[in-house]
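Work through the exercises below with the sequence and the structure side by side. Each task is followed by a solution in steps.

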Amino acid sequence: MTVLPWFAAAWLFAIGIYGIASSRNLIHLIGCLSVCQSSTYVLLLSVGYRWGAAAPIFYDHPPGTMAVDPVVQALVLTDIVVGATVTALLLAMVLQVGRKYGELDPQKLRPLVARAHR
Amino acid sequence: MNRRWRIALLGLAGICLTPAIWRVATALPRFGEPSEQYGPAVNRLGPALRHVSNMVSAVNFDFRGIDTLGEEFMLLGAITGAVVLLRGARGEDLTAKAARLPGRQVIGRAESTILICRLFSPAIMLFGLYMALHAMVTPGGGFQGGVVIASGLLLTYLGEGYRGWRRLIASPVLAALEGGGALLFALAGLAPMAAGGAFMQNVLPLGTFRDVFSGGLMLVTNAGVGLAVTGGFGMLFLEFLEETRATQSEDTR
């Protein structure tokens, strides 16, 4: 059971990458990117976990109680917030792509330059 | 390059990277028995050094505060990019009608929806504020509290509809919150330097352990993050909801 968290993280990353490579729609691609990103949350939190330890918040239990790693938790926290805003930025880009081309399949999109010379 | 080729290339990349992946996988610590020293050191020293009980906040707003500053500017950059991409096309006019597919019926809000949203939206925003203010004591902080407050704003939209929501929410205020929050964080880092200290040196009185007013300078940086996240997510919601409006040409069609 001790390897299960690593496998969960690897699996999330792998299906996310596969989804990105095989994507037929840019919105689906952003969803896959978010799945990829969630694998980093699982990995980071697993790295800091300690059997039988409490949360790194010494309100109910006194300082000195064995607690899990707070550094990786802080990393995951900022990761989630930045991830959400970056997803919003990507979705805004996709909205503009859809408006310009009426097409969201990355396979069918052509470079902007080629279109301008036509 | 078609889809099959892309997947083949991914498989090839996977095979090439296998030795590196294998080395990392075999070097991972056993789950539940971390070997890192930094986190336990923070847990051991944090409460005494900074008088705060929430070590995650202590790492975010003090020990690794400069990382959070960088992350704050990433937030600012991503939100500015999204707003620049979306602004201007739709929904600038408060009376703009909702864009809809021809022939599709418009169903009004149920009264129960309005009631529940009016009851819960202020409560959620208050809870977000509570969460942001108690960053040093209990689980929470500017990031989480800011997102909770912004989700309360979204619930107001659900209850009041686009027009009422736009009348309640001023876009310049959100922009000022977003930029001002990041500025406050940066100034909290620079102010101790003006007084002859190091960047983000905790020069303010540290307060009492397990009290809302503890942590000194962390209170300022936490407030900066809370303001920036509230403003930033509010702006994102505003811009994306503007996209639901019809453009002038569609309106008159």
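**Exercise 1: a helix pair across the two chains**

Helix 3 of chain A and helix 4 of chain B pack with their axes 9 Å apart, at an angle of about 20°. The model is predicted: local features need pLDDT of at least 70, side-chain atom pairs count only at pLDDT 80 or more, and totals for chains, interfaces and linings use all residues. Residues are numbered from 1 along each chain as its sequence is written, while chains are lettered from A and ligands numbered from 1 in the order in which they are written.

Task: describe how helix 3 of chain A passes helix 4 of chain B, and list the residues that meet.

Solution. 
- Step 1. The angle makes helix 3 of chain A roughly parallel to helix 4 of chain B. Angles under 35 degrees count as roughly parallel, over 145 as roughly antiparallel, 65 to 115 as roughly perpendicular and the rest as oblique. Axes are lines fitted to C-alpha atoms, for helices over the stretch in contact, and angles run from 0 to 180 degrees between N-to-C directions.
- Step 2. The crossing of the two helices is left-handed, meaning that the near helix is turned anticlockwise from the far one by less than a right angle (right-handed if clockwise).
- Step 3. From helix 3 of chain A, A:T78, A:V81, A:V82, A:T85, A:V86, A:A88, A:L89, A:A92, A:M93, A:L95 and A:Q96 take part. They meet B:T68, B:E71, B:M74, B:L75, B:A78, B:I79, B:G81, B:A82, B:L85 and B:L86 in helix 4 of chain B. Contact requires C-beta atoms, placed from the backbone, within 7 Å.
- Step 4. By class, this contact has 15 nonpolar, 5 polar and 1 charged residues. Ala, Val, Leu, Ile, Met, Phe, Trp, Tyr, Cys and Pro count as nonpolar, Asp, Glu, Lys and Arg as charged, and the others, Gly among them, as polar.

**Exercise 2: the side of chain B that touches chain A**

Task: find which helix of chain B gives the most to the side that touches chain A.

Solution. 
- Step 1. In total, 43 residues of chain B are in contact with 39 residues of chain A.
- Step 2. At least two residues each come from helix 1 (3-27), helix 2 (38-50), helix 3 (55-63), helix 4 and helix 8 of chain B.
- Step 3. Helix 4 of chain B gives the most, with 10 residues.
- Step 4. This side of chain B divides into 23 nonpolar, 11 polar and 9 charged residues.

**Exercise 3: helix 3 of chain B**

Task: decide how many residues of helix 3 of chain B are buried, and what they pack against.

Solution. 
- Step 1. In helix 3 of chain B, 9 of the 9 residues are buried, so this helix is largely enclosed by the rest of the structure.
- Step 2. The buried residues of helix 3 of chain B pack against helix 3 of chain A together with helix 2, helix 4 and helix 8 of chain B.

Terms used:
Contact = placed C-beta atoms within 7 Å. Helix = DSSP H or I, 4+ residues; strand = E, 2+ residues; numbered from the N terminus. Buried ≥ 20, exposed ≤ 12 C-beta atoms within 10 Å, placed from the backbone.
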